[in-house]
Amino acid sequence: TVTWDANKTLTAYFEAYTVTGDEIFSGTALTSSAYWMAYGSCSVNSVTGGVATLKFTGSVSGSDYIAFNKGYLGSKLEQGHKYRLTMEAKASVNSAALVGYIGYYKSTGADLINEDAIFWGDSLTTSYKTFTAEFTATRRDSNTSDAFIIVVAANCTVNIRSISLKEA
């Protein structure tokens, strides 16, 4: 606050600041199975100690997948905005193909917020690996039917110990 009661000199100092965007969801949601939904023959084995343990059967029929934070993404992602999803995961087998979508997945295909899968054919291994993808919501804003959809083309167990979605 400056009171202008006489001639004064005012100097402003500026610092470079990087805007990283808002955290839409993060690893704190790995504390409860309420954030996870399994479909088809997949299952959520446990969510404890900050690690989600998920079971995949290797089926890629369109009805076997696991959704993270379904319902929470309503109005969080806006068309034309860019986002970064980061996930740290491992599988019980090597070379388990990972596919990840943002949107609403149904047996006839995906009604995606973005046009393509954000992870496509990235391989999970038996050691934790960090997966990062940037995408733009090109088709529409998100709604309460949307989630982060995970499909793994291997009969295996997958452990996820961190997950983050931010506006980039």
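Ser142 touches Leu73, Gly74, Ser75, Lys76, Leu77 and Ile113, residues up to four places away in sequence not being counted; contact here means heavy atoms within 4.5 Å. The structure is a predicted model, in which local features need pLDDT of at least 70, side-chain atom pairs count only at pLDDT 80 or more, and totals for chains, interfaces and linings use all residues. Residues are numbered from 1 along each chain as its sequence is written, and side-chain values use heavy atoms, with hydrogens and water left out.

Ser142 is placed in the loop between strand 10 (129–136) and strand 11 (147–152). Strands (E, at least two residues) and helices (H or I, at least four) are DSSP runs, numbered from the N terminus. With a relative accessible area of 5%, Ser142 is buried; buried means under 20% relative accessible area, exposed over 50%, and partly exposed in between (1.4 Å probe, protein chains only). The side chain of Ser142 reaches the backbone oxygen of Leu73 at 2.3 Å. This falls under the term polar contact, a pair of N or O atoms within 3.5 Å; within protein, one must be able to donate a hydrogen and the other to accept it, and residues adjacent in sequence count only if both atoms are side-chain atoms.

The protein has zero helices and 12 strands. Of its 168 residues, 37% count as buried. Among contacts between residues at least 6 apart in sequence, 78% join residues at least 24 apart.

His81 is placed in the loop between strand 5 and strand 6 (82–91). This histidine is partly exposed, with a relative accessible area of 25%. Leaving aside residues up to four places away in sequence, His81 touches Phe135, Thr136, Ala137 and Glu167. The C-alpha atoms of His81 and Glu167 are 7.4 Å apart in space, while the two residues are 86 apart in sequence.

Aromatic rings were examined next. A pair of aromatic rings is described by the distance of the centres and the angle of the planes. Rings of Phe, Tyr and Trp (its six-membered ring) pair if their centres lie within 6.5 Å; planes under 30 degrees apart count as stacked, over 60 as edge-to-face and the rest as tilted. The structure holds three aromatic pairs. In one of them, the ring centres of Trp36 and Phe68 are 4.5 Å apart and the planes stand at 50 degrees, so this pair is tilted. Trp36 belongs to strand 2 (residues 36–39) and Phe68 to strand 5 (residues 65–68), so the pair ties together parts that are 32 residues apart in sequence. Trp36 counts as buried at 5% relative accessibility, and Phe68 is buried as well, with a relative accessible area of 0%. Another pair consists of Tyr39 and Tyr65, whose ring centres are 4.6 Å apart and whose planes are at 20 degrees, so the pair is stacked. This pair links distant parts of the chain, with Tyr39 in strand 2 and Tyr65 in strand 5, 26 residues apart. Tyr39 counts as partly exposed at 22% relative accessibility, whereas Tyr65 is buried at 7%. Phe68 and Phe25 are 43 residues apart in sequence and 9.9 Å apart in space, C-alpha to C-alpha.

Charged side chains also lie over rings. A charge sits over a ring if NZ of Lys or CZ of Arg is within 6 Å of the ring centre and within 35 degrees of the ring normal. Lys76 lies over the face of Tyr72, at 4.6 Å from the ring centre. The charged end of Arg161 sits over the ring of Tyr128, 3.7 Å from the centre of that ring.

A nonpolar core is a set of buried Ala, Val, Leu, Ile, Met, Phe, Trp, Tyr and Cys residues joined through side-chain atoms within 4.5 Å. The largest nonpolar core has 38 residues, of which Trp36, Met87, Phe148 and Val152 touch the most other members. Another core lies apart from it and has seven residues, among them Ala67, Tyr101, Ala147 and Val151.

With a disulfide taken as a pair of cysteine sulfur atoms within 2.5 Å, the count comes to zero. The sulfur of Cys42 is 9.4 Å from the closest cysteine sulfur, in Cys156, which is too far for a bond. Cys42 is buried, with a relative accessible area of 8%, and Cys156 is buried at 1%.
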